[in-house]
Amino acid sequence: MLWKLSLTGIKGRFKDYLVLFSGLIMSSAIFYMFEALATNKDFVTSNSPIGMAAIVFQIGSVLLGIITLVYIIYANSFLMSMRRRDYGMFMMLGAKGRKIAQLIAAETLVIGTAATLIGTAIGIGLTQVVSQFLLSRLDMHIKHFSPLYLPAVITTLIFFIVLFIIAAVINQYQLLKTPVLQLLHDDQQPNRIKENKVTRLIQIVLGLVFLAVGYYMMIAIATFQVMGLVIALVTIVLGTYFLFNAFFGWLLMLLKRNEKLRNKGLNNFTLAQLSFRIKDYTKMLALVAMLFALALGAITVGIGYQNEIPKIADSASAYDVVLNQPTQKALTLTKDLKGVKQTATYQVKEDAKTVYYRTAQLKQTPLLTMEYGKTGSVSTETKVRQVPLRELQTGDTYLFRSIQVPSQTAKAVKLVSNEVFAQIAAPTKVVKTYDVQDFSANLPVIKKLYQEQLKANPELKANPEADSSKYVSYKMANGVFSGLEFMGFFLGIAFLAMLASCLMFKILSGAASDVKRYTMLAKIGVRQSLLKQSIAKEIGALFLLPGIVGVVHVLFGLQMFKELMIDPYNQIWIPFSIFIVLYAVYYVVTTWLYRGIVLKETKFGE
Amino acid sequence: MDTPTVVSVKDVQKTYGKANEKQYTALKGVTFDVQRGEFVGIMGASGSGKTTLLNILSTLDKPTAGEVKINDQEISRLKGNALADFRAQEIGFMFQDFNLLENLTAYENMALPLTLQNVTGKKVREKITTIAKTLSIDAILNKYPTELSGGQKQRVAAARALVHNPAILFGDEPTGALDSKSARELLDTMAQLNEEQRVSILLVTHDPFSASYCQRILFIKDGQIGQELVRGDKTREAFYQEVLDTLGTFNH
């Protein structure tokens, strides 16, 4: 009998469960994808750049796991809070607490398992699409890659089921310690809390101080290292909480004091709704702001790394293309290079110990080299420099590295006059260098040229690590950063989906108690358009506030990546726009659903 | 003194259900008028059609046939915004369960109909102070509904219904959720408002005691007006007895 009741309970809340369900499906699908890409042996062992990406995906799946735990505990206890009345009723009818506990555990597990199974199935499809995309991006072909990878399926299932068991235990505990009477009248409990001005002021100050400390830690991450990261995490979470608990309430109070604003249309009602909500939603909004920051941060950093690829490649070598003993085909191909800025030809002879260059040629077109900044790390200080002849004559072989093949780098270098060069008994080799306007635009040609280089110099193929050409650096960077980009992107989307569903969830479940208010307003003659406006403003503020806080968090958080990236703020509008558009879609959907619930009974007889 | 008609109901019918489905006729041709300054009661048992009638009068529902005029405006022709504006300007409501917004103070609840018409802050304050004095709720203006008693809540609701000077005040069992003392006080106040300020009131109730405060009572049964009682010069107690006697015969 209880089972039947429980099932009807779920049916009655189907819409809410659907939101939770889709969030879980999304999370498990992405988790599976990360796992499949990170652990699939066919994928990982085939090539080193992908091997790098695999590590990145493994880190991603751990992060996703942590955040999913938070989401499940939150969403579940929330769903429970909606069903507390049902459970209270069962208990009043004489059901034992233990029986109810079993019921909750079973419900949670059934929903969780179903969501995980569906999610894994979707994840397999997702893996297929993403892996293809990733492979074509990394320019690779794998024969036996199957998106269905059993160990990943098992990991996903076990991981999620453990999560649900934890969630079920927490639910039971929370429910069984609440008195039956309170369960029954949960929705009628007055939740107006008297504001203490001093407490509020303290909280506002604390919140701002915490945020300032957290931001400072992130800016000065180089000094504080891991300690700074931990401190930032704690203080920013606390600061965000206080901000929502006190600061925004205070802001609304200020708005409410403005008589002109208050006396216009429904503003007073909207403000009252909001201040009531913000109080009620404090933890929720703080969580959303944090998740928002994490999600946006993940996408921004992910896409930021993608932007880094050409820069990393640029800083690896001063030349876009270096051809050692170019084949005929390669020479023909060079004609396809677009926007060639500079080209040079050097003749080379070598014996067992020495490589000879012609002084005249090096004087005519000086060698180029990378000039790194003082820190020695990749930074904006890195630039290309022409090497004057006398510097070359000091015998620093390092300067020649970019135009040499690996076997030459160990040998001494000698600059000789044309006459001496002609007398050296060795075949003349030719090295040609090219610099183009836009490396990325010329990639297809450069790739073909690289293939020709491999043919002309078999030693390059034997040890690609020693190849210092720009194209090889590009390929390595692409392997790491494409992985990072994908992970950032999917983590970001998964976080966004979870945070936005949490928020949507919370707002929608409050809708039932709002129906009465909106119906009443319509009865006393409030226009539909005004009601809609009020709803749009109210929900808009609930989405906007954590959004703004999240954006500010990210803008400061990117400071941490200054050490790792050349410019973490480069083209920041791309991830921000993607994210804001998705977030806005959630806002529109929430408003639409909410309207559907609360305005249902306001169109009298029409 | 002329007494123009505030509410005019002519042969109003209301049928629920579509033409090819099982239909139910809630109102079968109701006709009556309410003059300005009148206090009219509509009585009837559950299912008699009185709620349907009130919904139609208050523009929350549309009649299938017939005509309803409030303040000389044909309300069944109004739509959308015009309809909402009409409710906001011409009608005041009191409900059984008060229908106050619990997240606004008494003052803010009362100010709502005025802010909807964009009345300026100063005027809002003046009007609310006046009406609050009349209803003796000036001491509780800054409290939230949860802090008020049922009687106080209904007074706030009455103040909200009257603050914008509507053409008519509709009461849907306003004493239904009140204890007998609060109910009596509220009815006294309503009668006083009617006498002193000439507020037109239409009260729907099934409670003979509430009805005895009216000047005229229409008895509705099975969708039709069956009987009409006029208080005239009788005392309220005598009228109450008459209502009871009428109900005794009318409902059976």
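Reply: What follows is a set of questions and answers about the two chains of this model, which is predicted.

Me: How do you know at what angle H11(A) and helix H19 of chain A pack, and what is the handedness of their crossing?

Reply: Two packed helices are described by the angle between their axes and the distance between the axes. For H11(A) and H19(A), which spans residues 528–557, the angle is about 35° and the axes are 7 Å apart. A crossing is called right-handed if the near helix is turned clockwise from the far one by less than a right angle, and the crossing of H11(A) and H19(A) is right-handed. The contact of these two helices has 16 nonpolar, nine polar and three charged residues.

Me: Why can the radius of gyration of chain B be said to agree with that of a compact globule?

Reply: The globule rule is 2.2 Å times the number of residues to the power 0.38. With 252 residues, a compact globule would have a radius of gyration near 18 Å, and chain B has 18 Å, so the two agree. The C-alpha atoms of chain B fill a box of roughly 50 × 45 × 40 Å, taken along the principal axes.

Me: What makes helix H1 of chain B "mostly covered"?

Reply: A residue is buried if 20 or more other C-beta atoms lie within 10 Å of its own. In H1(B), which covers residues 50–57, seven of the eight residues are buried, and the helix is therefore described as mostly covered. Among the buried residues of H1(B) are B:Leu53, B:Leu54 and B:Ile56, and B:Lys50 is also one of them. Over the whole of chain B, 46% of the 252 residues count as buried, while in chain A buried residues make up 42% of 606.

Me: Why are E2 and E5 of chain B said to stand at the edges of their sheet?

Reply: The sheet is open, with four strands in the order E2-E1-E4-E5 and antiparallel pairing. Strand E2 (24–35) and strand E5 (73–74) each have a single partner strand, so one side of each is left without a neighbour in the sheet.

Me: How do you know that strands E1 and E4 of chain B pair?

Reply: Two strands pair if DSSP finds at least two bridges between them.

Me: What makes the pairing of E6(B) with strand E7 of chain B count, and in which sense do they pair?

Reply: E6(B) and E7(B), the latter at residues 168–172, pair in the parallel sense over four bridges, where at least two are needed. Here B:Ile91 stands opposite B:Ile168 in E7(B). Both strands belong to an open sheet of six strands in the order E6-E7-E8-E3-E9-E10, with mixed pairing; its edge strands are E6 (91–94) and E10 (224–230), each pairing on one side only.

Methods: Residues numbered from 1 in each chain as written. Chains lettered and ligands numbered in written order. Predicted model: local features only at pLDDT ≥ 70, side-chain atom pairs only at ≥ 80, totals over all residues. Buried ≥ 20, exposed ≤ 12 C-beta atoms within 10 Å, placed from the backbone. Helix = DSSP H or I, 4+ residues; strand = E, 2+ residues; numbered from the N terminus. Axes fitted to C-alpha atoms, helices over the stretch in contact; angles between N-to-C directions. Nonpolar A, V, L, I, M, F, W, Y, C, P; charged D, E, K, R; others polar.
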